[in-house]
Amino acid sequence: MSNKLKKAFLAAGAVAAASGRAGAAEKKRVDGLIVKLRDKSDKVRAEGLLSAVEVGVPAVKPLAKAMEDDDIEVVRAAKRALWKIVRNVGRPGAGNEKKSVVAKLVGLLGEKQSALVRREALWMLSEIGGNESIKAIVALLSDEEVREDARMVLQRIPGRQSLEALKDGLKNAPMDFRPNIAQSLRQRGLMVRRPVCVKLVPTKKTKVKPLKQGGN
């Protein structure tokens, strides 16, 4: 074996070893965070919350799992810890850290997750998500458990892609949900003629007809 090849093998081995040590340290931090959040002591759980930002991205999925715990205090603590991470990466200049958290949140929108987790992930994406999350959010417009949250999140995400997603949603949504999406479009500045805004429909019998709306 040539000296160059030996050096290449040694370098690869060093990288693998370093990666293994980093992975072990990362797992230890995540496990430590979850253990603290599961503790019966308010003080210990508070210590866990303070360390959540430091643990960061690797804790997203474990925290989501902890949000499905039978203990309501664990659920609350896990939710608060995850929100701390989300808001931290929402700061200016977070860069790749923010992208990583967004990607993990998008991964939490799947059917395997509970409605609680999907709902929280949606609202977290409303804070830090962008065009990269729209496709996954749109898919939830057909999910009766979280469709209202999904349309509100699309309403909050700026840009043309989210607006177009709402327009398509209006065409494809069940009749009972179209007024909701129409309202989101109005909030985004579009004039939507049909369905009529529920605020303009009389709730009592009257001879007064709903106001006509212009636009498309």
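Okay, let's start at helix H10: its buried residues are covered by, among others, helix H8 (147-156) and H9. Contact here means heavy atoms within 4.5 Å. The helices themselves are DSSP runs of H or I with at least four residues, strands are runs of E with at least two, and both are numbered from the N terminus.

Before I go on, this is a predicted model, where local features need pLDDT of at least 70 and side-chain atom pairs count only at pLDDT 80 or more, while totals for chains, interfaces and linings use all residues. Residues are numbered from 1 along each chain as its sequence is written, and side-chain values use heavy atoms, with hydrogens and water left out.

So which residues of H10 are buried? They are Ile181, Ala182, Gln183, Ser184, Leu185 and Arg186. Buried means under 20% relative accessible area, exposed means over 50%, and partly exposed is in between, using a 1.4 Å probe and protein chains only. Just after H10, Gly189 has a positive phi of about 105°.

Now the partner, H9. H9 and H10 pack at about 155°, and their axes are 9 Å apart. Those axes are lines fitted to C-alpha atoms, for helices over the stretch in contact, with angles from 0 to 180 degrees between N-to-C directions. That makes the two helices, H9 and H10, roughly antiparallel; the cut-offs are under 35 degrees for roughly parallel, over 145 for roughly antiparallel, 65 to 115 for roughly perpendicular, and oblique for the rest. The H9 and H10 crossing is left-handed, as in the near helix being turned anticlockwise from the far one by less than a right angle, with clockwise being right-handed.

On the H9 side, the contact uses Leu163, Leu166, Lys167, Gly169, Leu170 and Lys171, and H10 brings Arg178, Ile181, Ala182, Ser184 and Leu185. By class that gives six nonpolar, two polar and three charged residues. For the classes, Ala, Val, Leu, Ile, Met, Phe, Trp, Tyr, Cys and Pro are nonpolar, Asp, Glu, Lys and Arg are charged, and the others, Gly among them, are polar.

Between H9 (160-172) and H10 (178-187) there's a loop, and Pro174 sits in it. Pro174 is partly exposed, at 39% relative accessibility. Its C-alpha is 9.8 Å from that of Leu141, 33 residues away along the chain.

Next pair: H4 (residues 72-89) with H6 (residues 115-128). Their angle is about 20° and their axes are 10 Å apart, so H4 and H6 run roughly parallel to each other. This crossing of H4 and H6 is right-handed. H4 contributes Val75, Lys79, Leu82, Trp83, Val86 and Val89, and H6 contributes Leu116, Glu120, Trp123, Met124, Glu127 and Ile128. The tally for H4 with H6 is nine nonpolar, no polar and three charged.

What about the core? The largest nonpolar core has 55 residues, and Leu63, Val101, Leu105, Leu122 and Ile137 touch the most other members. H4 supplies its largest share, nine residues. A nonpolar core is a set of buried Ala, Val, Leu, Ile, Met, Phe, Trp, Tyr and Cys residues joined through side-chain atoms within 4.5 Å.

Last stop, Leu33, in helix H1 (residues 3-38). Leu33 is buried, at 2% relative accessible area. Beyond four places in sequence, Leu33 touches Gly48, Ser51, Ala52, Val55, Ala59 and Leu63.

Zooming out, the chain has ten helices and zero strands, and buried residues make up 36% of its 216 residues.
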